[in-house]
Amino acid sequence: MGVGRLHPCIVGAFHPGAAKLIAGRSNAAPFVGSALLIILAVFFAIGPFRRTLDAVPQSWLVGAQVGRLVGFLVLSLGLSGTIPMSFAGPAGWGDAITGLLAPVVAFMLHRRIAGAVLAAWLWNAWGLGDLINVARLASMTTPGTSAFDPAMGDNSNFSLFPTGLLQVLYGPLYVLLHVFSIRGLVRRALGHDGAVEEVPQNG
C-alpha cells in the first residue's frame with residue numbers, strides 16, 4: 001500500500017460517518033488544532049525557527065495568500081450543487097476577496113506606501129475572520145457535529161479527497177500565515193521589526 005493511500009482524507013477519517021475522536025466534533029478539529037499548536041510552539045519557542053520567521057519580509061507573508069483565490073473553486077462547487085451554497089457562498093467569496101487583495105497589500109508593504117501598515121491590519125482582520133467563519137459554517141453543515149443545522153444543507157462531500165485537503169491543509173496554512181503576519185505587525189509597532197523590506201532604488 002502506497003503512503004499516499006494512508007492520508008486521512010483518502011481513508012475517510014474526516015468524513016461525517018467516521019467514528020468520532022471527540023463526541024460532537026468533526027475529526028478534523030483535533031487534527032488541525034494539534035497541528036497548529038505544534039507548529040506555533042516550534043516557531044515561537046525555538047530560537048532558530050523564531051529568527052527565521054523574524055527574517056521573512058511582511059510582504060511575503062501577505063503575498064503568499066494569493067492562494068486564497070481557490071475560493072472561486074469553492075464557489076464553483078456550490079454552484080454545481082456538490083456542496084451547499086450556505087457554506088460555499090460565504091466561504092468562497094471570503095477567501096476570494098482575501099486572495100485578490102493579498103498582492104495589493106503586499107505591494108503596498110514592499111514599497112512602503114503610506115497607509116500600508118493600516119491596510120495590512122485591516123486585511124489580516126478580514127482574512128482571519130473569514131477563516132473563523134468558514135470553520136463555523138463547516139461545523140453547521142457537517143452531520144454528526146453538535147452545531148449541525150440540517151436546514152443549511154449537508155456538506156459531507158467537502159470532507160472527501162481531494163477537497164478534504166482544503167480543511168486539513170489549506171485552512172491551517174493560511175491561519176498560520178495570518179498569525180505570523182500579525183506577529184510581525186506587532187513587532188513593528190514595538191520597534192522590533194527584524195525583516196527589512198527591499199525598496200527599489202531610483203535612477
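This is a predicted model: local features need pLDDT of at least 70, side-chain atom pairs count only at pLDDT 80 or more; totals for chains, interfaces and linings use all residues.
## Ground rules

Local features need pLDDT of at least 70 and side-chain atom pairs count only at pLDDT 80 or more, while totals for chains, interfaces and linings use all residues. Residues are numbered from 1 along each chain as its sequence is written, and side-chain values use heavy atoms, without hydrogens and water.

## Nonpolar cores

A nonpolar core joins buried Ala, Val, Leu, Ile, Met, Phe, Trp, Tyr and Cys residues through side-chain atoms within 4.5 Å. Buried means under 20% relative accessible area, exposed over 50%, partly exposed in between (1.4 Å probe, protein chains only).

The largest core has 21 residues. Val74, Ile83, Phe87 and Phe158 touch the most other members. Helix 4 (71-79), helix 5 (85-110), helix 6 (116-140) and helix 7 (164-189) each supply at least two residues. Helices here are DSSP runs (H or I, at least four residues), numbered from the N terminus. Helix 7 gives the most, with six residues. A second, separate core has 11 residues, including Ala106 and Leu185.

Asp95 sits in helix 5. Is Asp95 buried or exposed? Asp95 is buried, at 5% relative accessible area. Its side chain makes a polar contact with the side chain of Tyr170 (3.0 Å). Such a contact pairs N or O atoms within 3.5 Å; within protein, one must be able to donate a hydrogen and the other to accept it, and residues adjacent in sequence count only if both atoms are side-chain atoms.

Val104 is partly exposed, with a relative accessible area of 45%.
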